[in-house]
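Visitor: I'm new here and would like to learn how to read a structure like this one. Could you walk me through it?

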Amino acid sequence: MRAGQYAGHDAVVSKGWWAAHKWLLLRRVSQLGILGLFLLGPWFGVWIVEGSLASSLTLEWLPLTDPYLLLQMLLSGGRPMQVAWIGAAIVVVFYLLVGGRAYCAWVCPVNIITDAAAWLNRRLGFKSTANFSRSTRYWILALTLLLALLTGSLAWELVNPVSSVYRALVFGIGSAWLLLVALFLFDAFVSRRGWCGHLCPVGAFYSLLGKASVVRISAVARARCNDCMDCFEVCPEPQVIRPALKGEASGAGPLILSPNCTNCGRCIDVCSKDVFRIDTRFNNSTNNQFLHKTEVAP
Amino acid sequence: MAGSEVKAVSRRRFLGEVTRTACGVALLGLGVGLYARSAASLPAEAIRPPGALDEEKFLGACIRCGLCVRDCPFDTLRLAELGEQVANGSPYFIAREIPCEMCPDIPCVKACPTGALDHELTNIDDARMGLAVVVDQENCIAFQGLRCEVCFNICPVRGKAITLELRHNLRSGKHALFIPEVHADACTGCGKCEKACILEEAAIKVLPLHLARGKLGKHYRLGWEEKRQAGGSLVAPDREHQYNLPEGMRYDYEGRGLIIDEAAPASPYADDPLETLKRGQEGL
Ligand code: SF4
Ligand code: SF4
Ligand code: SF4
Ligand code: SF4
Ligand code: SF4
């Protein structure tokens, strides 16, 4: 990123605006589309999906259940019905394939808010002041599970912004708006990527779930990287990029293996050198013949 | 040497960071835990859907998905919002606003994926969402001797959950009172009576069972019940009860109670006040 330019400027110049925003747009379509499916029922009486992200029924046939909530419930002593087990199993298998935090990038409604806050933060050039360790979220995750065990109720769900916000959107707006505003202000002015990148236990759970997921982002053409740093700038979890992008010397493969990568594809968008692409976990060879022979930029 | 120093510093830094995070998270946990305790007490007007487990178990089982809300055809159920007194996201209804219509197929229970609404409940008449209680006998107009019976008539288990008990109207002396009486063995707690009560503020209200019900001490036995269970009196032979009544009095077991014999003077006072004073002193 040159001084005075926004991240992704070069990509827009070399690839055109649409290509430089392809994954971002697809993601917004996915996030809003899923929300829209939930709202079709209450707003227009078209019941394709019922329920909420906690548990839903699609076309009165396909059950989907949030495994994180199911886990909390099991710990607090609940005994779910078979349908909840099936619903959770489908979700687990899905995210095992596509990457746990694909939930964050492609489904979670909070993501739009925190992305917007991060954008504002970048624009204003704020340095975040409150710094948490990125592992805080795993502590909080453990805490929420412990609370369920100790209180015998889904204690975290009393305050969980992720589910509160979705419920508020789908079941009618209540005071959960305040949570949205609070999250936005926190991420924009207190700690950049503070919520999703450091605190959210839902994201932490899904990152654990996707630890061995098949779909991964790969810095296949890392030899072409011109160190513009745009990908680091837009990435919600920038620490995950370095080992793959700069790891050639130490023999690391080009795959981004950290489960905290959200598979958002934003790095693919903003890279004017087309370094990144979506790949599978099984393709992590350090010398990609195909690329070396034909694609390396002159 | 320098290397191990760097190591020691970074280890100290690491430990410091871990401690800080752990403390912060523990504080957060304390806060949420305390909030969970206060949020576990349900306000009396919030009624859980049919088949809901005991409140404590319910809060551990319901994942707040809202499927029950979606499948309720009468929009009875709603999910609690943040900041309400009911645990965030859990389903409830307020009888005075929209009561439960007691659907025979109980779609709300069927929709629940977690069993927080017990799928064993297949006959809606067995639901015990709460118990209706005539809480204000001074404003219920039936107690004034006026005919109302609205709650009685609207009740989905009509004639069983609420009955009308005839009582003598002492005020007019010649009319009857038709007093609504609720029977816990049939009342489902649907709240239709509370909704229908003609008063500005309902005189009959559905309360959660733990508020509505009294409880007899464990040691307490009802003689007639014991007799029925045992198939005969437990005190054999069943001796006739003896009362030590004042002279000139009898006791009628069949209902009239204490009777003062005609023969006895109508008034304990003699015509002559001096005689009254002298009474009981004959022996002196
Ligand atoms: S980290 Fe949490 S809030 Fe952020 S996108 Fe993921 S689930 Fe949503
Ligand atoms: S590495 Fe790329 S795909 Fe992964 S979170 Fe960062 S920007 Fe998104
Ligand atoms: S029984 Fe019918 S009216 Fe009552 S809460 Fe369930 S779905 Fe709603
Ligand atoms: S359907 Fe069951 S789990 Fe879902 S909100 Fe209703 S009671 Fe809770
Ligand atoms: S509807 Fe209200 S006022 Fe009328 S009898 Fe019932 S409780 Fe009393």
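Guide: Happy to. Let's begin with how residues are sorted: Ala, Val, Leu, Ile, Met, Phe, Trp, Tyr, Cys and Pro count as nonpolar, Asp, Glu, Lys and Arg as charged, and the others, Gly among them, as polar. Keep in mind that this is a predicted model.

Visitor: What about ligand 2: which residues are around it?

Guide: Here we turn to chain A, where the residues around ligand 2 include Cys235(A), Cys261(A), Cys264(A) and Cys267(A), as well as Thr262(A), Asn263(A) and Gly265(A). The shell of ligand 2 holds nine nonpolar and three polar residues, with no charged ones.

Visitor: Now for helices. How are two packed helices described?

Guide: You give the angle between their axes and the distance between the axes. Take α3(A), residues 67-75, and α7(A), residues 136-151: they pack at about 40°, with axes 7 Å apart.

Visitor: Why are α3(A) and α7(A) called oblique to each other?

Guide: Angles under 35 degrees count as roughly parallel, over 145 as roughly antiparallel, 65 to 115 as roughly perpendicular and the rest as oblique. An angle of about 40° therefore makes α3(A) and α7(A) oblique to each other. The crossing of α3(A) past α7(A) is right-handed. On the α3(A) side, Tyr68(A), Leu71(A), Gln72(A) and Leu75(A) take part, meeting residues of α7(A) that include Leu141(A), Thr144(A) and Leu145(A). By class, this contact of α3(A) with α7(A) has seven nonpolar, two polar and no charged residues.

Visitor: Where do α2(A) and α8(A) meet, in terms of residues?

Guide: Ile34(A), Leu35(A), Phe38(A), Leu39(A) and Pro42(A) of α2(A) touch Tyr166(A), Leu169(A) and Val170(A) of α8(A). The contact of α2(A) with α8(A) consists of eight nonpolar residues, with no polar and no charged ones. As for geometry, α2(A) spans residues 22-44 and α8(A) residues 161-171, and their axes come within 9 Å and cross at roughly 40°. That makes α2(A) oblique to α8(A).

Visitor: At what angle do the axes of α8(A) and α9(A) cross?

Guide: Roughly 130°, and the axes come within 9 Å. So α8(A) and α9(A) are oblique to each other, and α8(A) passes α9(A) in a left-handed crossing. Pro161(A), Ser164(A), Val165(A) and Ala168(A) of α8(A) meet Ala176(A), Leu179(A), Leu180(A) and Leu183(A) of α9(A).

Visitor: Last one: how many residues of chain B are in contact with chain A?

Guide: In chain B, 37 residues are in contact with 42 residues of chain A. The two chains bury about 3,100 Å² between them, 69% of it on carbon and sulfur atoms. On the chain B side, Ile63(B), Arg70(B) and Leu82(B) lose the most area to chain A, together 22% of what that side buries.

Key. Residues are numbered from 1 along each chain as its sequence is written. Chains are lettered from A and ligands numbered from 1 in the order in which they are written. This is a predicted model: local features need pLDDT of at least 70, side-chain atom pairs count only at pLDDT 80 or more; totals for chains, interfaces and linings use all residues. Side-chain values use heavy atoms; hydrogens and water are left out. Axes are lines fitted to C-alpha atoms, for helices over the stretch in contact, and angles run from 0 to 180 degrees between N-to-C directions. Helices (H or I, at least four residues) and strands (E, at least two) are DSSP runs, numbered from the N terminus. A crossing is left-handed if the near helix is turned anticlockwise from the far one by less than a right angle, and right-handed if clockwise. Contact means heavy atoms within 4.5 Å. Buried area is the accessible area (1.4 Å probe) that two parts lose on being put together, summed over both. A residue is near a molecule or strand if one of its heavy atoms lies within 4 Å of it.
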